[in-house]
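Subject: Handover of a structure and its strand arrangement

Dear colleague,

I am passing the structure below to you for your records. Please look it over before reading the notes that come after it.

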Amino acid sequence: MPELPEVETVRRGLQPVMEGARIVSVEQRRPDLRFPFPPDFRERLTGRRIVSLGRRAKYLTAEMEGGPLLICHLGMSGSFRIEDENATTPGVFHHERSKAAAHDHVVFHLSLPDGRRSMVVFNDPRRFGFMLLSDPGTEHPMLAGLGVEPTGNALDGPLLSEMMRGRRSPLKAALLDQTLIAGLGNIYVSEALWRAGLSPRRLAGTLAPARGRSERAERLATSIRSVIADAIEAGGSSLRDYVHADGSLGYFQHSFSVYDREGQPCRKPGCGGTVRRIVQGGRSTFYCPVCQH
Ligand SMILES: [Zn+2]
């Protein structure tokens, strides 16, 4: 499943053709993906100018001038590709994305401010992705209640410490709670805990001391932000490489420090530990029992 850095990479890849462009027409080739398309989906978007392309957690959002907010989720296997004279697929993923025409479910025909024409195609073989519309000035229920973004300075030690206060769940589970931190997924929780030297099994509440600042929470907040920022940066470089690679779809080798590295040596210099895999809440957690406490 694409994680936040991949969604952000997709956003940055689509931005140059979508922001400021007018939607000339929309081809909607199915009545539904994971959810039914909203009523009058095509009609409500056709002719609109896209003011900005944003992201909230793992949702891509496109704000229409005088119109609805388009909310897209990539699900398990969704991808966008741009078809024009420089065809590209923004975002390079852990798993290869499909380009099979049978799975092209939505096509946005765009007219750019400089007069160029472009097509943005949404392809999704497993159809866990979805597109929704939100009326201007209202917050869609899908976006309501989401926690703080792990990308900005809002997530700092004191905030993280307060979020965790009194929680009896394992730290790993609390970090996956989307009402606390939005868009942080299984891979990057493992990576951030490893960077911070904190055990995923530690009780979340132990990040909130009775008084004073929590050094652990400071370390973890910094680790979360840096792990996400590094992955977005890597995605950005892959995007540049990809754009220059003349449209040939390649794998992007994510370099994870602990994720998916069970039985391999810990990469922390001088640690000497071996990465272990455990299952928490039905999902794999990877960590080093020597340097994570
Ligand atoms: Zn270690």
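Predicted model: local features only at pLDDT ≥ 70, side-chain atom pairs only at ≥ 80, totals over all residues.

I begin with strand S3, which spans residues 59-64 and is mostly covered, with five of its six residues buried. Strand S2 (residues 50-56) runs antiparallel to S3 and is joined to it by six bridges. Within this pair, arginine 55 faces leucine 60 of S3. The two strands form a hairpin with two residues between them, and alanine 57 in the turn has a positive phi of about 50 degrees.

S3 also pairs with strand S4 (residues 69-73), again in an antiparallel manner, through five bridges. Here glutamate 63 stands opposite leucine 69 in S4. The hairpin of S3 and S4 has four residues between the strands, and its glycine 66 adopts a positive phi near 60 degrees.

I turn next to an open sheet of four strands, ordered S1-S6-S7-S5 with antiparallel pairing. Its edges are strand S1 (22-28) and strand S5 (79-83), each of which pairs on one side only. On average, neighbouring strands of this sheet are turned by 20 degrees against each other, direction ignored. S1 is joined to strand S6 (residues 104-111) by six bridges, and isoleucine 23 lies opposite leucine 110 in S6.

Finally, helix H1 (residues 4-18) lies across S5, S6 and strand S7 (117-123), and runs at about 30 degrees to S5.

Yours sincerely

Key: Residues numbered from 1 in each chain as written. Heavy atoms only, no water. Buried < 20%, exposed > 50% of the residue type's maximum accessible area, 1.4 Å probe, protein only. Pairing = 2+ DSSP bridges. Axes fitted to C-alpha atoms, helices over the stretch in contact; angles between N-to-C directions. Contact = heavy atoms within 4.5 Å.
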